[in-house]
Amino acid sequence: MESSGYRRKFYIESYGCQMNFADSEIVASILNDNGFGATGNYEEADLVLLNTCSIREKAEQTVRNRLQLFRQIKEHRPGMLIGVLGCMAERLKGKFLEEEQLVDIVVGPDAYRTLPGLIGEAETGQKAVNVLLSREETYADISPVRLDSNGVTAFVSIMRGCNNMCSFCVVPFTRGRERSRDAASIVRECRELFSKGYKEVTLLGQNVDSYYWMDEASDTVVTFAGLLEKVAQIDPALRVRFSTSHPKDITDEVLYTIARYPNICKYIHLPVQSGSTRVLQLMNRTYTREWYLAKIDRVRSILPDCGLSTDIIAGFCTETEEDHQESMSLMEYARYDMSYMFFYSERPGTLAARRYQDDVPEEIKKRRLDEIVRLQNRLSQQKNREDLNKTFEVLIEGDSKKSADDWRGRNSQNKVVVFPKADHPYRKGDYVQVKVNDCTGATLIGTIIE
Ligand code: SAM
Ligand code: SF4
């Protein structure tokens with residue numbers, strides 16, 4: 001982050017999904033153009049922004065606690081402005097200003113272009129709010145300013161919003177209707193990243209498989225498979241990842257495209273949410289257990305060495321012990337390398353909050369989640385042990401967290417690999433061949449093979 005040359009300083013903290021982190025980089029670009037440089041120290045900032053998440057109650061509580069801290073700082077620095085961005089801003093709108101008196105600016109995810117005007121309003125002492133959602137906004141023309149970047153990997157947003165209406169989920173309400181970004185602008189952004197030395201892009205959307213862009217100039221449609229191909233063709237040395245896939249939408253065409261290009265990473269995040277068809281129906285996921293299992297088989301047959309991960313929710317409305325066992329048995333079948341595991345948190349305004357009772361007691365939700373976590377730990381250990389003695393191509397992302405004598409990177413399957421630098425002349429951003437000789441549940445440990 002570089003703040004020299006700017007008249008004023010902003011500090012931004014991001015919470016929640018990767019989309020939010022990508023959005024903060026768009027916000028940073030808009031602010032740079034308006035005389036604000038980024039700082040990593042909130043004590044010296046003229047503008048403090050929190051890019052918030054509403055997905056679970058706990059995420060919102062974290063933000064409220066953080067705001068308490070900024071309240072104290074503002075007491076000593078009354079000129080400092082505090083803004084709330086993202087999903088929580090969209091969900092609570094003007095209520096934020098009543099509940100959290102110290103907040104000056106509230107901006108929803110589709111209104112970031114208006115931030116400079118809102119800052120101007122707030123500077124005159126008024127409270128400034130814009131939470132209008134849009135059917136068109138994709139920020140396609142804005143070049144994100146990379147924050148906290150390792151200079152090797154970057155997120156690229158390819159679409160916004162979601163049309164799926166999973167009954168537990170607040171995203172369709174906070175991020176609006178689904179819309180895809182101009183394919184040419186995505187390819188341009190990825191090409192620019194590569195020319196600056198980046199070696200990996202992750203294409204982001206809530207449901208990437210429903211990406212759809214009509215290229216009017218050539219009168220052709222770009223699907224997600226087509227987009228993946230275009231990005232993969234930029235350079236064989238640019239890795240391509242993507243997130244998130246919806247099991248109902250991921251196509252064979254996407255799987256075959258992944259198989260065709262060595263630089264499209266062999267890794268799919270395929271959230272299942274529950275292993276019970278009855279619960280999946282209540283969740284409005286529109287697939288059954290059997291459909292999901294068939295997808296897993298398809299992935300394994302087309303991409304035998306593909307890494308697989310999931311999201312799973314314990315204790316959704318009416319979930320019985322049998323439903324829970326079905327989630328566990330599905331996990332055993334899929335043998336996920338990794339999972340994001342949650343217990344159900346009712347969100348105001350969602351279909352589930354309106355239609356169903358949040359009737360699984362908290363201690364049962366937590367016990368089931370604990371069983372799921374323990375099962376996943378066992379699966380991750382097993383999967384990692386299967387990689388012992390294998391050699392992988394690893395992209396070096398930087399020093400290992402524990403020691404500057406070791407590199408840290410990831411293989412195509414998205415597993416973290418740590419290995420000694422030894423006397424090799426490699427640098428961050430290089431690809432190296434690493435043979436795995438040890439592992440923990442979360443990390444492969446190896447040595448460089450020349
Ligand atoms: N669009 C992606 C998808 O459909 O998988 C991810 C959306 S969300 C940001 C990430 C994960 O949060 C979901 O996959 C789900 O497992 C979890 N989640 C969403 N709403 C939740 C809720 N009300 N309670 C607990 N977990 C929730
Ligand atoms: Fe939420 Fe479902 Fe959309 Fe994912 S696909 S963002 S879980 S509504």
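Trainee: What is the strand order of the open sheet of three strands?

Mentor: This is a predicted model, in which local features need pLDDT of at least 70 and side-chain atom pairs count only at pLDDT 80 or more, while totals for chains, interfaces and linings use all residues. Residues are numbered from 1 along each chain as its sequence is written, chains are lettered from A and ligands numbered from 1 in the order in which they are written, and side-chain values use heavy atoms, with hydrogens and water left out. With strands taken as DSSP runs of E of at least two residues, numbered from the N terminus, and two strands paired if DSSP finds at least two bridges between them, the sheet has parallel pairing and the order S14-S15-S16.

Trainee: Which strands stand at the edges, and why is one side of each left without a neighbour in the sheet?

Mentor: One side of each is left without a neighbour because each has a single partner strand, and the strands in question are S14 (267-269) and S16.

Trainee: By how many degrees are neighbouring strands of this sheet turned against each other on average?

Mentor: Axes here are lines fitted to C-alpha atoms, for helices over the stretch in contact, and angles run from 0 to 180 degrees between N-to-C directions. For neighbouring strands of this sheet direction is ignored, and the average is 10°.

Trainee: What is the bridge partner of Thr310 in S16?

Mentor: S15 and S16 pair in the parallel sense over six bridges. In S16, the partner of Thr310 is Ser339.

Trainee: Which strands supply at least two residues each to the shell around ligand 1?

Mentor: A residue is near a molecule if one of its heavy atoms lies within 4 Å of it, and 15 residues surround ligand 1, with Gln206, Pro271, Gln273, Asp311 and Ser345 the closest. The strands that each supply at least two residues of this shell are S15 (307-314) and S16 (338-343).

Trainee: How far from an oxygen atom of ligand 1 does a polar side-chain atom of Gln273 lie?

Mentor: A polar contact with the ligand is a pair of N or O atoms within 3.5 Å. A side-chain N or O atom of Arg56 is 3.2 Å from a nitrogen atom of ligand 1, and a backbone N or O atom of Gln206 lies 2.8 Å from a nitrogen atom of ligand 1. For the polar side-chain atom of Gln273 and an oxygen atom of the ligand, the distance is 2.6 Å.

Definitions and conventions: A polar contact is a pair of N or O atoms within 3.5 Å; within protein, one must be able to donate a hydrogen and the other to accept it, and residues adjacent in sequence count only if both atoms are side-chain atoms. Helices (H or I, at least four residues) and strands (E, at least two) are DSSP runs, numbered from the N terminus.
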